[in-house]
Structures are given as C-alpha cells and as structure tokens.
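Here are some notes to read alongside the structure. Please keep the sequence at hand while going through them.

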Amino acid sequence: KFYAETSEKTFEKAVMNLSEGGVTDAADVPEGVNTRTINGIIVPDGTSASVAFFNAGYYLNELEFTVGEDGMATIGLRLDKTIGSNDYVVVGEWKLWYMGDPGAGVVEQDVSDLIVNNNFDPARGDKNTSTIEGWTTTTLNGYKQNTASYNKNTFSLSQKLTGLPKGKYKVTVHTFYRAGSYE
C-alpha cells in the first residue's frame, strides 16, 4: 500500500503492479534496457531497467491527502502480506506538492525538499545495515541507482513530515509491485 497518515485520517491506495505500468509498444521502451514481455506487456528486468522506466515517467503512483492544524503527516509504502515466494518492490524518487488551503484557494507548489533524501541518494543509505537517511525502513534487498528494493519479505518504508501548512497535498513515488515471479 501507498499511504499518507495524518492525525485526522489515513489515505491509502494500492501500488501499481508490474504490468499496470508497463508498455505495449516497443517504441515506448527506454533505449538499451533489459525487458521481459508478459501477456503482451513490456516490463523492466532489473534495477537499471526499472530506473530507466522511472526516468521515462512510468510507474508513477499518486496520492492526495489533507493535513490538519498540527502540520504532520507520515508518507510511506508497506507490504503487510507477501503473495508470492519472490515478491519484489522497487522504489524510486518521491515528490510532494502543496495544493493549497481549500479555504484560501489552490496554489500548487513543489515542496519535495521537505522530504529528507527523497531521491534515495546512494551516499545516504546502506543495504547492509538496512538504513536510509530520513526514512524508517525494514530490511532492504537493494539500495543503488537512486532506488530502494525489497524482495521476498513484507516491508515498510516511511517518513514523518512535520511543519506542513494546513491544506491539501499530493505525494508521488515511482514504484511497482511484482507478486512472485515475472510470470
């Protein structure tokens, strides 16, 4: 699940699965990456390919939420139950937009700098210690090429944001979920 929790409510939705974010036309595939085709859908094969798909705008998950007077929200991803023996999640860059206070009109503003290490800087995390600066996470499978990945396990990844102005927000993250093997 992709979520934002505030003191007032939990906002959540399912993460895009591997096929949902794939492409059907080979001309749309980022150049020079490894892919697989599953039921006519072309999907990335490996971290480098996932990064190329993310950079091309694929697998973008969006969630809108509202922050109250306390100015706090926790954003994150979690997998509470594995489905396959080889479940896999790759997580790329996070972005945050302040959409405005509904009572004062909407003014969209990129406030992604409020997320510590929103792009998973390779120098600010370590797979071996399962640490990512700014984030609370469980055991990592990988931390490279500005991504975090999780494999064969339930997981959680979150960050608490404070000092947010009251109002509506949109958070985005490039990520996908693969249940079990590619097939």
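Which residue in β14 does I75 stand opposite?

1. I75 faces Q159 of β14. The strands β6 (residues 73-79) and β14 (residues 155-161) pair in the antiparallel sense, over seven bridges. Strands are DSSP runs of E, at least two residues long, numbered from the N terminus; two of them pair if DSSP finds at least two bridges between them.

2. This is a predicted model, in which local features need pLDDT of at least 70 and side-chain atom pairs count only at pLDDT 80 or more, while totals for chains, interfaces and linings use all residues. Residues are numbered from 1 along each chain as its sequence is written, and side-chain values use heavy atoms, leaving out hydrogens and water.

3. Five strands form an open sheet in the order β2-β1-β6-β14-β11, with antiparallel pairing. β2 (10-13) and β11 (136-137) are at the edges with a single partner strand each, so one side of each has no neighbour in the sheet.

4. Contacts of W94 (heavy atoms within 4.5 Å), leaving aside neighbours within four places in sequence, include I75, L77 and L157.

5. S130 lies in the loop between β9 (125-126) and β10 (131-132). S130 is buried, with a relative accessible area of 18%; buried means under 20%, with a 1.4 Å probe and protein chains only.

Conventions:
Helix = DSSP H or I, 4+ residues; strand = E, 2+ residues; numbered from the N terminus. Buried < 20%, exposed > 50% of the residue type's maximum accessible area, 1.4 Å probe, protein only.
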